[in-house]
Amino acid sequence: MHGAADAPLCAGIHCLKTLHKYITGQVLAALLLTVAVFAFVVLLLNVLKDVLPLLFGGQVPLWLVAKAIGLLMPFACVYALPMGFITATLLVFGRFSADQELTAMRASGVSLLSLITPVLLLSLLCCGLSAWFNLDLGPRSRVAFVNLRFELLHDLANAQIPEGQFINEFPGYRVYIGKNNNGELQDILILRLQTSTNGAVVTHAPRGRFTTDRALNQLVVDLVEPRIINLGARNNITSMQSWRFNFSATAITNRIFKPKISDMTFGQLREEQRGLQEELRELKQLNFSAANAGSPATLEGLKQLNLAVGTNASPAATAALLREETNIRLRASERVRVAMHQEIAFSFACFGFTLVGIPLGIRVHRRETNIGIALALGLVAVYYGFTMLGGSLAARPELYPHLILWLPNFLFQGIGAALLWRANRGL
């Protein structure tokens, strides 16, 4: 009698396992297909831009081109995995709804939440995989590809001064570029270090342009409306319409720079942030004023920060240098913080896309693939819109750009949970 009484329960558990296996298989198959498609699209854009010119120019063998494409694959998966997941859920559950399969499952006494449990677990697993791509593998692969491409080209025109970090490799100079958009520069600071014959000079310009001189093997930076501070002179501030700096390209061609902030792994970003915060603390502790601007303690503190000034520099010039250096480090620190939050926040995209994709797929109630893909692309555009907004405001810490990067996760997860609850109740 006891076994007979448990028979319906056992049958229900067996039925639920079968449904779970069926739904998970459908979502997983669609996921693999959509990820492959989106990864191919991302790869195609990069291949057309960077790889095919190498092959058609006869500069490199085919196996090196294949290696370059392989290095781009993890970078492509950073974007393809979340996009593939929301597309897969929209397509699968849209077809289930159109074919009345969900209605049949509910008629058997199985709730929607019970049905989608393995899909939610699969999305969390993909969040972990996405975190690996975002925080480590993707950035490292991207940097390896950039380095390989540069080595293959041996072309100075493709050298790029990295943005958002201090560059110490140019002999006698310290350079900072706030933004480098294909040679169009913003927020430029060039510090000529003090020598036995010349005093330190700080040059700051809001914008400029980066070009190359192949004949002389030089990097050329043309500054627009620069402001020049001569720390060794009394009348030390000069404003000009334009100014040109020429640097040796040896440092660039030797590839001794750190990767760009956008290409750093999470560990590298954390190390960069730690260094910037330490320098900010040291700058605040120096306490520059008219009384101690030329004191040995102040000069020693500047030397530790690799900022040389002459002993005859005026207090105003020293204070100006301090303000400029502090502001630059604050902006650089905010860019690093935004990059760190972006890598972490984007790792949770799969879960939010799943919560939204399942109820929307049910509501759309269509079997057509093009409808599901169009809806997925629209939702992805909304998500990436917040990401791009946060990135564009990286130099505005007062607007909390690192928090903006989390808004799409909260919106998608909140709206998705509400829609899922309504769908579970049949509303």
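Mentor: One cut-off before we start: a residue is buried under 20% relative accessible area, exposed over 50%, and partly exposed in between. Keep in mind, too, that this is a predicted model.
Trainee: What does the Arg274 side chain meet in a salt bridge?
Mentor: Its partner is Glu271, with 3.7 Å from N to O. Glu271 is exposed, at 53% relative accessible area.
Trainee: And how many residues apart are Glu271 and Arg274 in helix 6?
Mentor: They are 3 residues apart in helix 6, which covers residues 266–286, so about one helical turn separates them.
Trainee: Switching topic, how many salt bridges does the structure hold?
Mentor: There are 7 salt bridges. One of them joins Asp136 and Arg140, whose closest N and O atoms are 2.8 Å apart.
Trainee: Where do Asp136 and Arg140 sit?
Mentor: Both are in helix 4, residues 112–153, and because they are 4 residues apart, the separation is about one helical turn. Asp136 is partly exposed at 27% relative accessible area, and Arg140 is partly exposed at 43%.
Trainee: Nice. What about Glu398, which residue does its side chain meet in a salt bridge?
Mentor: That would be Arg396, at 2.6 Å from N to O. Glu398 counts as partly exposed with 48% relative accessibility, and Arg396 is partly exposed too, with a relative accessible area of 41%.

Methods. Residues are numbered from 1 along each chain as its sequence is written. This is a predicted model: local features need pLDDT of at least 70, side-chain atom pairs count only at pLDDT 80 or more; totals for chains, interfaces and linings use all residues. Side-chain values use heavy atoms; hydrogens and water are left out. A salt bridge is a side-chain nitrogen of Lys or Arg within 4 Å of a carboxyl oxygen of Asp or Glu. Helices (H or I, at least four residues) and strands (E, at least two) are DSSP runs, numbered from the N terminus. Buried means under 20% relative accessible area, exposed over 50%, partly exposed in between (1.4 Å probe, protein chains only).
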